[in-house]
Amino acid sequence: HICAGAFAKCSGLREIVVGEKNPYYDSRGNCNAIIKTHSNRLVVGCTNTVIPEDIVMIGDMAFKGIWTKEDLIIPQSVRCIGGEAFFESNTLRHVVLHDQIEMIGNHAFAYCTALTDLVLPTHYIDIGEDAFRNCRNHKNVILPNSIKVIKRGIFDGCSSLKSIHVNILDI
């Protein structure tokens, strides 16, 4: 078993290889990540990870303090981004989240201080508490009408935030 956060903040980690005979984990297609084989959950990533197209979940703390790229495009297969998945990924500027994502965990993108562009999908079930806390350079937010609850601290500390468009339907 590999616990969440086992390699958190290892920002120098550049390569991950799982042995071919490992029955529980893999690093399919030389993706530079540890993937739980039977659930298609990315457990640990590194600075050179390419998120495979068949991943269903990015696990808790998978890239905590590790992601060093400016852009993040989540594959269409991903339905869930775990808690603190990209916490303190300070170089992350642009995030594109597709419409199939159902959940973003607590603190998933918190303290991504360079984050300026965030494209939220039109279909959400749940955005966790403090999901974008202290993303100091984020300027505009459009919340889709599928969001049922705006939880505590979602955009707390986003000091550059200039506009919020809320399209929540009363249920």
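Predicted model: local features only at pLDDT ≥ 70, side-chain atom pairs only at ≥ 80, totals over all residues.
Local features rest on pLDDT of at least 70 and side-chain atom pairs on pLDDT 80 or more, while totals for chains, interfaces and linings use all residues. Residues are numbered from 1 along each chain as its sequence is written, and side-chain values use heavy atoms, with hydrogens and water left out.

A nonpolar core is here a set of buried Ala, Val, Leu, Ile, Met, Phe, Trp, Tyr and Cys residues joined through side-chain atoms within 4.5 Å. Buried stands for under 20% relative accessible area, exposed for over 50%, and partly exposed for values in between, with a 1.4 Å probe and protein chains only. The largest nonpolar core has 37 residues, and those touching the most other members are I58, L72, I81, F86, L97, F109 and F132. At least two residues of this core come from each of β2 (33–36) and β11 (140–143); strands are DSSP runs (E, at least two residues), numbered from the N terminus. Apart from this core lies another, of eight residues, including I2, Y25, I34 and V44.

Aromatic rings come next. Rings of Phe, Tyr and Trp (its six-membered ring) pair if their centres lie within 6.5 Å; planes under 30 degrees apart count as stacked, over 60 as edge-to-face and the rest as tilted. By this criterion the structure holds seven aromatic pairs. F63 and F86 form a stacked pair, with 5.0 Å from centre to centre and 5° between the planes. This pair links distant parts of the chain, 23 residues apart: F63 is in the loop between β4 (57–58) and β5 (71–73), and F86 in the loop between β6 (80–81) and β7 (94–96). F63 is buried, at a relative accessible area of 0%, and F86 is buried at 0% as well.

The pair of F109 and F132 is also stacked, because the ring centres are 5.6 Å apart and the planes are at 5°. F109 sits in the loop between β8 (103–104) and β9 (117–119) and F132 in the loop between β10 (126–127) and β11, so the pair ties together parts 23 residues apart in sequence. Both are buried, F109 with a relative accessible area of 0% and F132 with 1%. Beyond four places in sequence, F132 has contacts (heavy atoms within 4.5 Å) that include I104, F109, L115, I154, F155 and C158. Through ring pairs, F63, W67, F86, F109, F132 and F155 are linked into a cluster.

K64 lies over the face of F87, at 4.8 Å from the ring centre, and K69 over the face of W67, at 4.8 Å.

R79, in the loop between β5 and β6, is partly exposed at 30% relative accessible area. Its C-alpha atom is separated by 6.0 Å from that of Q100, 21 residues apart along the chain. Leaving aside neighbours within four places, R79 is in contact with V56, H98, Q100, I101, E102 and M103. N32, in the loop between β1 (25–26) and β2, counts as buried at 16% relative accessibility. A polar atom of the N32 side chain lies 3.2 Å from the backbone nitrogen of I16. Residues touched by N32, not counting those up to four places away, are R14, E15, I16, G45, C46, N48 and T49.

Note on methods
Helix = DSSP H or I, 4+ residues; strand = E, 2+ residues; numbered from the N terminus. Lys NZ or Arg CZ within 6 Å of the ring centre and 35° of its normal. Polar contact = N/O pair within 3.5 Å; in protein donor to acceptor, adjacent residues only side chain to side chain.
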